[in-house]
Amino acid sequence: MNRTIARITETLEGRTPKTAMVLGSGLGGLVAEVTDAVRISYGELPVFPQSGVTGHAGQLVAGNLSGTPVIMLAGRSHYYEHGNPAAMRPALEALAGIGIERLILTNAAGSLEPDMEPGSVMLINDHINFSGTNPLFGEPTDKRFVGLTEAYDLRMRAAFEKAAEETGTPLHQGVYMWFSGPSFETPAEIRMARIMGANAVGMSTVPEVIVARFLGLKVAACSVITNLAAGMTGQELSHEETKDMAPRGGERLATILKQMFSDGGLDG
Ligand code: HPA
């Protein structure tokens, strides 16, 4: 861990980002918007996840987005790759170790709302952990009893809303339900998810939110909608579709993020 923190600090060359972002499917292009960028491949960061999914590179990029210092993690580890819900914990601990205070998570998700179509962006205002697992299993201290009443920071959410309004970008809000994956849900599971109060479903983000709150980081998260969920269209779902559709919502989300960071970001 100390080696990883030292390696990142050395690469930052005096930059002092307070916000980090995890880029999900469709948002990879945002790293090209970072100016004065330095990059480290996860291969050089021993505690970072070393495997990946097609469509996800493994690279830490530090620099400025709209003039505000930021760290972007292009590539994350998913629970469905190995069955370890805490796979991102060491990476998030390293970020906390270099002084990161806020985390913005992004993902691709399936929509449960017919009028939240593919290409939409949904700001997550709460989640349902339907995986049956938790990244804090095995954590021995009482810190494991982390409160999640306000897991998604109100000020950060307000900043998303403001940036969406200022750029005229439609922004939905709702509850994200974490399914373990990697198989997609069944239509019956989607009907259940709707009854339980979910607006979107996906295979990531929730474990990172739990770990980030455990570490005391403030959190915001956004989904780009790539498809209507299983059983809603009569068509089978596929990872290809997810990858093809993610950049559409990704562009909208990038517009919001660039605006958010343009007035000092969340530091302002
Ligand atoms: N279900 C789960 N994860 C997803 C979906 C979905 O429909 N679309 C994109 N990621």
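**View 1. The lining of the largest cavity divides into six nonpolar residues, six polar residues and one charged residue.** In this predicted model, a search of the whole structure finds one cavity of 30 Å³ or more, and the volume of the largest cavity is about 70 Å³. Its lining is made up of 13 residues, among which Ser77, Tyr79, Pro85, Met88 and Pro207 lie nearest the centre of the cavity. Two helices, α2 (79-82) and α6 (206-214), each contribute at least two residues to this lining.

**View 2. Strand β1, which covers residues 19-23, is mostly covered.** Five of the five residues of β1 are buried, with Thr19, Met21 and Leu23 on one side of the strand and Ala20 and Val22 on the other. In a regular strand, side chains alternate between the two faces of the sheet.

**View 3. Strand β1 pairs with strand β5 and with strand β4.** Four bridges join β1 to β5 (residues 102-111), and these two strands run parallel; within β5, Arg102 is the bridge partner of Thr19. The pairing of β1 with β4 (residues 68-74) is likewise parallel and extends over four bridges, and here Ala20 stands opposite Ile71 of β4.

**View 4. Helix α7 bends by about 30° at Ala246.** A proline, Pro247, follows the bend within four residues.

Notes:
Residues numbered from 1 in each chain as written. Predicted model: local features only at pLDDT ≥ 70, side-chain atom pairs only at ≥ 80, totals over all residues. Heavy atoms only, no water. 1 Å grid on protein atoms, 1.4 Å probe; cavity = no way out; pocket = protein on both sides within 12 Å on 5 of 7 lines; lining within 4 Å. Points joined across faces, edges and corners; volume = space filled by probe spheres on them. Nonpolar A, V, L, I, M, F, W, Y, C, P; charged D, E, K, R; others polar. Bend = angle between axes of the 7 residues up to and from the residue. Buried < 20%, exposed > 50% of the residue type's maximum accessible area, 1.4 Å probe, protein only. Pairing = 2+ DSSP bridges.
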